[in-house]
Amino acid sequence: MSLKFAPSAYGSLGGIRINYKTEVLDKDNHVIPGLYAAGTDANSICNPDYVFVLPGNTLGFAVNSGRMAGENAIQFIKEHFSK
């Protein structure tokens, strides 16, 4: 068995603006109802630069913002689509 290692990098950081509830904001900073974003695609703690020599340093933000976005999306569904 052999293992091949190929270092790589990714780029997108902070392209989607969110608020403290992970709701996506439009260009005028108004909430887009029912739309949530998380991880490095949302406002990044590293915006605009990501230090590739420290891989994984956005993992905590990705995990926690993902959890928050999921919880807030569930709350939105309950409030707007429950009988």
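**Ground rules.** I number residues from 1 along each chain as its sequence is written, and side-chain values use heavy atoms, with hydrogens and water left out. Since the model is predicted, I kept to a pLDDT of at least 70 for local features and to 80 or more for side-chain atom pairs, while totals for chains, interfaces and linings use all residues.

**Overall layout.** I looked up the elements, taking helices (H or I, at least four residues) and strands (E, at least two) as DSSP runs numbered from the N terminus. The protein has one helix and two strands, and from the N terminus on they run β-β-α. I then looked up burial, where buried means under 20% relative accessible area, exposed over 50% and partly exposed in between, with a 1.4 Å probe and protein chains only; of the 83 residues, 23% are buried. The accessible surface, by the Shrake-Rupley method with a 1.4 Å probe, comes to about 6,400 Å², and carbon and sulfur atoms hold 60% of that. For contacts (heavy atoms within 4.5 Å), I noted that 52% of those with a separation of 6 or more join residues 24 or more positions apart.

**Helix 1.** The buried residues of the helix are Ser65, Ala69 and Phe76, and what they pack against is strand 2 (31-36).

**Positive phi.** Thr22, which is not a glycine, has a positive phi near 65°; Thr22 sits in the segment before strand 1 and counts as buried because its relative accessibility is 2%. Asn29, likewise not a glycine, has a positive phi of about 65°, but Asn29 belongs to the loop between strand 1 and strand 2 and is partly exposed, with a relative accessible area of 44%.

**Ile16.** I next looked up Ile16, which is placed in the segment before strand 1 (23-25) and counts as partly exposed at 31% relative accessibility. Leaving aside neighbours within four places in sequence, Ile16 is in contact with Val24, Ala37, Asp41, Ala42 and Asn43. I also noted that Ile16 and Thr40 are 24 residues apart in sequence, with a C-alpha to C-alpha distance of 8.9 Å.

**Aromatic rings.** I took rings of Phe, Tyr and Trp (its six-membered ring) as paired if their centres lie within 6.5 Å, with planes under 30 degrees apart counted as stacked, over 60 as edge-to-face and the rest as tilted. The structure holds two such pairs. The ring centres of Tyr36 and Phe76 are 6.5 Å apart and their planes stand at 70°, so this pair is edge-to-face. Tyr36 lies in strand 2 and Phe76 in helix 1, so the pair ties together parts that are 40 residues apart in sequence. Tyr36 is buried at a relative accessible area of 17%, and Phe76 counts as buried at 17% relative accessibility. The rings of Phe76 and Phe81 have centres 6.4 Å apart and planes at 65°, so this pair too is edge-to-face. Phe81 is exposed, with a relative accessible area of 63%.
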